[in-house]
Every structure is written in C-alpha cells, then in structure tokens.
Amino acid sequence: MTFTSPSYFFFLLSVYVVFHFSPDRFRWVVLLVASYLFYATFESPLLPAVLALVTAISYACGIRIGRITDPGRRSRMFRLGVAACVLILALMKYLPAVASVF
C-alpha cells in the first residue's frame with residue numbers, strides 16, 4: 001500500500017474514525033495496531049519485526065526514564081533510547097546497500 005493509493009486513503013480514513021470514537025486511554029493502542037497493520041502490508045516480513053524492536057526499545061527506555069530521579073541520568077537514558085532507534089533506522093536504510101558491495 002503506497003501513500004498515493006486509494007487503499008491507503010481508506011485505511012487512513014478508517015484509522016481516523018476508529019481513533020476518533022475510541023476512548024482517550026485506548027487511542028495509543030489504535031495507533032500502534034494501525035502502524036503494525038500498515039507495515040504488514042509491505043511484502044517484507046522484516047519490517048513488522050523491526051517495528052516491534054523499536055517499540056520494545058522505546059517502551060523500555062520510557063519506563064526506565066520514568067523511574068530515574070536524577071536529571072542527568074534521565075537525559076542519558078533518553079539519548080541512549082533515541083540513539084538506539086536512529087541506529088536501527090540507519091541499519092535498515094544503509095545495510096542493504098553496504099551488503100550489496102561485498
């Protein structure tokens with residue numbers, strides 16, 4: 001499903017309607033499920049797995065940040081989480097090009 005396809009428009013519209021009518025405390029679940037469904041439409045089984053990894057890293061770092069009281073340690077944990085997610089993004093983008101050279 002590409003961003004310019006009619007199926008994406010209907011998917012986006014349905015997610016918006018479900019999001020709008022869902023209770024506030026469950027809206028994050030609607031967006032998370034919609035993200036996984038969107039990534040599952042691509043023909044690569046690796047994409048939902050990578051999304052699951054990024055979700056787990058972000059969630060774990062968020063829980064850890066919430067438990068830390070020292071502002072310096074909180075900042076380091078935040079930077080570590082962002083760096084891990086950016087590293088995964090960079091690997092997904094550039095690893096196929098690097099692997100094709102060898």
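## The positive patch

The largest share of the positive patch, three residues, comes from H4. The patch is a gathering of positive charge on the surface, formed by Arg64, Arg67, Arg73, Arg76 and Arg79. At least two of its residues are supplied by each of two helices, H3 (46-67) and H4 (71-101). Helices are DSSP runs (H or I, at least four residues), numbered from the N terminus. Arg64 belongs to helix H3.

Patches consist of residues with over 30% relative accessible area and no salt bridge, where like charges are joined within 9 Å and nonpolar side chains (Val, Leu, Ile, Met, Phe, Trp, Tyr) within 5 Å. Lys and Arg count as positive and Asp and Glu as negative, while His and the chain ends are not counted. The place of a charge is taken as CZ for Arg.

## Basis of the model

The model is predicted; local features need pLDDT of at least 70 and side-chain atom pairs count only at pLDDT 80 or more, whereas totals for chains, interfaces and linings use all residues. Residues are numbered from 1 along each chain as its sequence is written, and side-chain values use heavy atoms, with hydrogens and water left out.

With 17% relative accessibility, Ile65 counts as buried. Between Ile65 and Gly81 there are 16 residues in sequence and 9.8 Å in space, C-alpha to C-alpha.

## The nonpolar patch

Phe9, Phe10, Leu13, Tyr16, Val17 and Phe21 make a nonpolar surface patch of about 700 Å². One of these residues, Phe10, is placed in helix H1. Phe10 counts as exposed because its relative accessibility is 53%.

## The salt bridge

How many salt bridges are counted? The count comes to one, where a salt bridge is a side-chain nitrogen of Lys or Arg within 4 Å of a carboxyl oxygen of Asp or Glu. The side chains of Asp24 and Arg27 form it, at 3.6 Å from N to O.

Asp24 is exposed, at 62% relative accessibility, and Arg27 is partly exposed, at 23%. Arg27 is situated in helix H2. Arg27 and Val50 are separated by 23 residues in sequence and by 22 Å in space, C-alpha to C-alpha.

## Two buried serines

Ser22 sits in the loop between helix H1 (6-21) and helix H2 (27-40). Is Ser22 buried or exposed? Ser22 is buried, since its relative accessible area is 13%. A polar atom of the Ser22 side chain lies 2.9 Å from the backbone oxygen of Phe19.

Ser5 is found in the segment before H1. Ser5 is buried as well, with a relative accessible area of 16%. Its side chain makes a polar contact with the side chain of Ser7, at 3.1 Å. A polar contact is a pair of N or O atoms within 3.5 Å; within protein, one must be able to donate a hydrogen and the other to accept it, and residues adjacent in sequence count only if both atoms are side-chain atoms.

How values were computed
Accessible areas come from the Shrake-Rupley method with a 1.4 Å probe; for residues, only the protein chains shown count as cover. Buried means under 20% relative accessible area, exposed over 50%, partly exposed in between (1.4 Å probe, protein chains only).
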